[in-house]
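This report describes the arrangement of strands, helices and domains in one protein model. Please consult the sequence and the structure shown below while reading.

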Amino acid sequence: MRRIEGMRFLKKTPAAIPLVEKGNLNLSSLSLLERLSTESHASPAQNVEALNLTLGKSVAAAELELREYFNLAKKKRVITIEVDEETYQLWEDTKARMQEPKDRDALKKLCNTIAAPKREQTKVRQSPSARGAGIVLRRTLLKKAQYRCEFVSANGTRCESRQFLQCDHITPHSICGETAQNNMRILCSEHNKLVYQKFSCLRPS
Ligand SMILES: [Zn+2]
């Protein structure tokens, strides 16, 4: 079954073939890509983006990211842990609070406080003077933009595009705009072009 799913994904996304040949993409990831791409009726461009998001990740981590990218419902899991009476009571109190909508994410927040410092250390620092956004910065920006173009038109509507997403410098790199999270945003190729043209008009020649 996984083999068939994998083959299907390769057929519609030829860019994946060399990655399989080089051993950068395994069968589990391929079948995951196929399942989620079919479920979300993804376009060929979205499949290529999904492929990039999958590389170098465990299947579980890739699934989390892909579900977010494709805007699919998050998978639910059951955890069973044994705790002492005191922890159990604390948990009951926490659970009661979590019923309130604003605290629904309490458990996630708690886990994040414990897991975050470790994750920080493994982050690769991006040089602000480099032009292109590295893979880590690109991922951060995509996540922040919820995998959608961040262009907002004059009447306040935000672009719906989830395709051909590019990292854009708000203050252009050519006038010393830094390649850093606070100077970057996600734009679809159309809006990236538009913004670039606008800027070129304003620039003194
Ligand atoms: Zn756009």
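## The strand pair

Q166 stands opposite L187 in β2. The two strands concerned, β1 (residues 165-169) and β2, pair in the antiparallel sense over 5 bridges; strands are said to pair if DSSP finds at least two bridges between them. Helices (H or I, at least four residues) and strands (E, at least two) are DSSP runs, numbered from the N terminus.

The model is a predicted one, in which local features need pLDDT of at least 70 and side-chain atom pairs count only at pLDDT 80 or more, while totals for chains, interfaces and linings use all residues. Residues are numbered from 1 along each chain as its sequence is written.

Because 5 of the 5 residues of β2 are buried, β2 is largely enclosed by the rest of the structure. A residue is buried if 20 or more other C-beta atoms lie within 10 Å of its own, exposed if 12 or fewer, and partly exposed in between, with C-beta atoms placed from the backbone. In a regular strand the side chains alternate between the two faces of the sheet. In β2 both faces are covered, with M184, I186 and C188 buried on one side and R185 and L187 buried on the other.

## The nonpolar core

A nonpolar core is a set of buried Ala, Val, Leu, Ile, Met, Phe, Trp, Tyr and Cys residues joined through C-beta atoms within 7 Å. The largest such core has 21 residues, and L33, A50 and L66 have the most contacts inside it. At least two residues of this core come from each of α3 (27-39), α4 (44-54), α5 (59-69) and β2 (184-188). The largest contribution, 4 residues, is that of α3.

Leaving aside neighbours within four places in sequence, A50 is in contact (C-beta atoms, placed from the backbone, within 7 Å) with L33, S37, A42, L66 and Y69.

## Helix α5

The buried residues of α5 are A62, E63, L66 and Y69. Seen down the helix axis, they fall within an arc of 125 degrees (taken from the directions from the axis to the C-beta atoms), so they line one face of α5. These buried residues pack against α3 and α4. The face turned away from them carries the exposed residues A60 and A61.

## The two domains

The domain assignment, which is automatic or from a database, gives domain 1 (2-69) and domain 2 (135-202). Their centres, taken over C-alpha atoms, are separated by 25 Å. The contact takes 6 residues from domain 1 and 5 residues from domain 2.

Conventions:
Two residues are in contact if their C-beta atoms, placed from the backbone, lie within 7 Å.
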